[in-house]
Amino acid sequence: MSPETIAAARAALFDPDVFKHGDPAKFGLPLDAYAVLREHDPCFLQEFDNPMLRERAWVVTRHEDVSAIDRDAESWSFAGGPFLLRFPFLDLAHPLGKPSLLTTDQPDAGRQRSTMNRGFTPARVAQLEERFRRYAREIVDEALEVGTFNFVRQVAHTMPMEALGDVLGVPAEDRERFFGWVDTLASPFDERVTPSLEVALAANQALMDYAMELGGKRREGGESDVISELARANAAGRISDAELAGNVGVLASGAAESTRSALSHGMHQLLRKPEQMAWLRERASDVPLSAVHEMVRISTPFAQFARFATRDTELHGQSIHKGDCVLIHMASANFDPAAIDRPDELDLARDPGLHVSFGRGPHACLGKHVAALEMKVLLEELLRRTKEIVPAGPMSYGRCFITRPVFDLPVTLVPA
Amino acid sequence: MRVLVDPRRCALHGDCTVTAPAVFEIRDDSASSVVRMPEPPRALRAAVEEAARNCPTRAIRIED
């Protein structure tokens with residue numbers, strides 16, 4: 001393998017235009033670059049010359065290494081924040097920085113998680129099914145009326161916004177702007193979404209202000225939503241004001257954009273694979289969890305996460321020092337043939353327990369059961385009410401290498 | 001086979017209750033996943049092993 005090939009593969013992972021112009025046959029991902037790096041350069045140091053990003057990070061691409069680091073929270077800290085991107089509210093060195101689940105290790109992470117996790121257990125989430133189904137029916141009703149539309153905005157955006165709005169306890173009339181702030185924050189490389197850094201900072205400020213305001217209102221009430229639980233923990237002195245705001249920000253940012261990406265990539269690939277669409281249609285009365293997880297795998301809504309070494313260590317001959325940032329590359333791990341059979345194929349019946357999109361360690365996605373139920377219910381309603389879903393024009397990807405937005409996915413619904 | 005959940009490690013991720021619902025349960029008032037069937041039959045062994053392997057906080061132990 002020539003040094004030029006390896007250098008080109010490394011560069012592809014962090015070039016937003018590579019993702020904007022991604023190949024739909026490869027899920028919009030630089031799969032060939034991942035394969036080169038997994039085989040020949042499984043741990044390398046990458047420098048970044050961009051004030052929005054960390055200065056340098058080790059990049060780890062094999063499923064085995066990604067899983068091991070993700071599961072070992074004692075050797076790999078969260079204290080520096082979870083992303084390559086320095087989101088202001090997740091950056092404790094920034095004036096807007098707030099401590100949260102995603103900037104904290106044990107025992108603080110456990111203390112914070114325990115104020116929120118009851119609302120996210122499978123049993124509690126299952127109780128939401130009827131409400132989710134009502135949202136899904138309304139979304140499909142409206143979509144059928146419009147007929148031809150951008151699936152990303154019309155369907156994939158609305159479902160998580162309403163469902164998560166319910167779980168978190170964001171009033172219906174505030175949901176569009178609440179999740180809108182996160183969208184602005186999460187797409188710093190796409191001028192169509194985020195025109196400038198100032199706009200992103202203003203969105204960040206607005207999100208934190210709103211979180212404090214809503215938290216303040218919920219300290220007394222008896223509601224069972226997650227923000228109310230956080231607010232009561234705050235009133236009881238179990239979490240600080242800053243932790244309340246930080247965690248509301250984390251809940252907002254983890255929730256909507258990622259599920260929208262998974263639904264959009266999932267639908268896009270179903271349109272490309274008629275036999276997989278037919279398989280799912282046959283199961284529209286009870287969409288299997290495996291199908292949902294396969295969409296979460298191929299979309300990998302967060303392409304990589306950051307960790308920080310808590311001690312000097314060595315990996316594939318590289319010396320990693322205490323405090324160094326390591327990027328565990330979830331998208332590459334999700335397509336590693338050493339862990340996942342025929343990873344480049346969409347297979348809705350695949351074992352759902354292999355992908356790393358939700359994380360596999362103590363910091364694994366708090367909302368994974370909510371996301372899975374939202375997607376299942378929406379797919380069931382959509383497939384039952386349509387005879388066919390057909391492409392209605394060229395699709396396009398978002399310009400980002402950290403999150404995985406689909407920008408445009410025009411479709412036409414043919415009613416059942 | 002005997003199944004144990006360490007309540008100090010469990011953080012209510014709940015994956016075990018999806019993988020092996022006959023064996024694990026999280027009730028509304030429980031602070032950790034509860035083993036409702038401490039000695040599951042052989043037929044459930046694979047599911048229990050998967051739950052233990054995938055537990056994000058390594059809170060599940062199997063004793064033979």
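1. Across the interface of chain A and chain B, 2 salt bridges are found, in what should be read throughout as a predicted model. One of the salt bridges pairs Arg124(A) with Asp28(B), and the closest N and O atoms of these two residues lie 3.8 Å apart; since a nitrogen–oxygen distance within 4 Å is what the rule asks for, the pair qualifies. Polar contacts across the interface of chain A and chain B number 10 residue pairs, counted where both residues have pLDDT 80 or more.

2. On the side of chain A that touches chain B, helices α6 and α17 of chain A each contribute at least two residues, and α6(A) gives the most, with 3 residues. By class, the residues on this side of chain A comprise 5 nonpolar, 5 polar and 6 charged.

3. As to the extent of the contact, the size of an interface is often expressed as the accessible area lost when the parts come together. Here chain A and chain B bury about 1400 Å² between them, with 42% of that area on carbon and sulfur atoms. Of the area that chain A buries against chain B, 36% is supplied by Arg71(A), Arg118(A) and Pro122(A), which is more than any other three residues provide. Counted by residues, the contact draws 16 from chain A and 19 from chain B.

4. The largest pocket holds about 690 Å³ of space, and its lining is made up of 25 residues, among which Leu289(A), His293(A), His369(A), Asp15(B) and Val18(B) lie nearest the centre. At least two lining residues of the largest pocket come from each of α6 (122-126), α15 (289-299) and α17 (368-385) of chain A, and likewise from each of α1 (15-19) and α2 (45-54) of chain B. Helix α17(A) provides the largest share of this lining, 5 residues, and the lining as a whole divides into 11 nonpolar, 7 polar and 7 charged residues.

5. The second largest pocket, with about 600 Å³ of space, is also lined by 25 residues, and those nearest its centre are Gln106(A), Pro362(A), Arg9(B), Ala11(B) and Thr57(B). For the second largest pocket, the largest share of the lining, 4 residues, is supplied by helix α5 (residues 108-114) of chain A, while the classes in the lining are 9 nonpolar, 7 polar and 9 charged residues.

Key: Residues numbered from 1 in each chain as written. Chains lettered and ligands numbered in written order. Predicted model: local features only at pLDDT ≥ 70, side-chain atom pairs only at ≥ 80, totals over all residues. Heavy atoms only, no water. 1 Å grid on protein atoms, 1.4 Å probe; cavity = no way out; pocket = protein on both sides within 12 Å on 5 of 7 lines; lining within 4 Å. Points joined across faces, edges and corners; volume = space filled by probe spheres on them. Nonpolar A, V, L, I, M, F, W, Y, C, P; charged D, E, K, R; others polar. Contact = heavy atoms within 4.5 Å. Buried area = accessible area lost by both parts, 1.4 Å probe. Salt bridge = Lys/Arg side-chain N within 4 Å of Asp/Glu carboxyl O. Polar contact = N/O pair within 3.5 Å; in protein donor to acceptor, adjacent residues only side chain to side chain.
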